[in-house]
Amino acid sequence: PDSARAALDAHLCVAFTGRTRLARGLLDSVLRSWQRRDAGMLRVFEALAASAHAMAHALQAGDMARAGALLSEYWARKKAVAPGAEPAAVTAMLAAIAPYVHGAALAGAGGGGFLVAISREAHPTHGALGAALRAHGADVCAVRVVYEHGVLLA
């Protein structure tokens with residue numbers, strides 16, 4: 001619905017953390033665990049899939065608090081799959097923004113790069129969340145969702 005789209009557009013925040021590294025080592029470790037059919041790893045992947053479905057429902061309902069909580073759960077599970085995926089500087093950044101978000105995660109395999117958050121305040125790039133991210137060296141992106149093509153960073 002349009003109201004759900006408007007809620008996501010108003011609360012989505014994307015920032016470049018300034019911390020990047022190759023995720024190859026992380027991915028190799030995850031793939032080895034998958035190939036061994038490690039029971040713990042399989043449970044985490046099942047939970048990741050369930051979270052994705054729950055996230056879709058939360059977003060369709062425009063429930064940004066639930067979507068944010070699920071985003072943080074997703075990130076915790078991804079870190080369980082790939083310990084070391086979150087650099088110390090990003091851990092500090094996430095702690096600093098916690099009061100301003102419903103939830104946050106690193107995009108991709110982790111290691112830095114782009115952080116995605118669901119903010120408590122609307123239009124977060126100029127508010128407290130944006131200031132906290134910039135104070136930790138992040139570049140906050142103006143973002144809007146283009147529903148036919150994905151996310152547009154400006």
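**An open antiparallel sheet and the elements around it**

An open sheet of four strands, ordered β2-β3-β1-β4 and paired in the antiparallel sense, is present in the model, which is a predicted one. The edges of this sheet are formed by β2 (101-106) and β4 (139-141), each of which pairs on one side only. From one strand to the next, the twist averages 25 degrees.

Within the sheet, β3 pairs with β2 in the antiparallel sense over five bridges. In this pairing, Ala105 stands opposite Val116 of β3. Strand β3 (residues 114-119) also pairs with strand β1 (residues 12-16), again in the antiparallel sense and over five bridges. Along that pairing, Ala15 stands opposite Leu115 of β3, and the bridge partner of Cys13 in β3 is Ala117.

The sheet belongs to a protein chain with six helices and six strands. Read from the N terminus, the elements follow the order α-β-α-α-α-α-β-β-α-β-β-β. Among contacts in the protein chain with a separation of 6 or more, 65% are accounted for by residues 24 or more positions apart. Of the 154 residues in the protein chain, 40% are buried. The accessible surface of the protein chain comes to about 8,200 Å², and carbon and sulfur atoms contribute 60% of that surface.

Helix α3 (residues 39-61) comprises 23 residues. The distance from its first C-alpha to its last is 33 Å, close to the 33 Å expected at 1.5 Å a residue. Buried positions in α3 are Met41, Val44, Ala47, Leu48, Ser51, Met55 and Ala58. Just after this helix, Gly62 adopts a positive phi of about 75 degrees.

Helix α5 (residues 88-97) lies across β2 and β3, and runs at about 165 degrees to β2. Leu94 touches Trp75, Glu86, Ala104 and Leu115, when residues up to four places away in sequence are not counted. Leu94 and Leu115 are also listed, together with Leu12, Ile97 and Leu133, as the residues that touch the most other members of the largest nonpolar core, which contains 32 residues. Helix α4 (residues 64-81) supplies the largest share of this core, with five residues. In soluble globular proteins, nonpolar side chains tend to be buried together.

Ala128 is located in helix α6 (residues 128-135). The relative accessibility of Ala128 is 33%, and this residue therefore counts as partly exposed, given that the partly exposed class lies between the limits of 20% for buried and 50% for exposed. When residues up to four places away in sequence are not counted, Ala128 touches Tyr100 and Glu121. Ala128 and Pro99 are separated by 29 residues in sequence and by 9.3 Å in space, C-alpha to C-alpha.

Conventions. Residues numbered from 1 in each chain as written. Predicted model: local features only at pLDDT ≥ 70, side-chain atom pairs only at ≥ 80, totals over all residues. Heavy atoms only, no water. Pairing = 2+ DSSP bridges. Helix = DSSP H or I, 4+ residues; strand = E, 2+ residues; numbered from the N terminus. Axes fitted to C-alpha atoms, helices over the stretch in contact; angles between N-to-C directions. Contact = heavy atoms within 4.5 Å. Expected span 1.5 Å × (residues − 1). Buried < 20%, exposed > 50% of the residue type's maximum accessible area, 1.4 Å probe, protein only. Areas by Shrake-Rupley, 256 points an atom, 1.4 Å probe, with all protein chains shown as cover. Core = buried A, V, L, I, M, F, W, Y, C linked by side-chain atoms within 4.5 Å.
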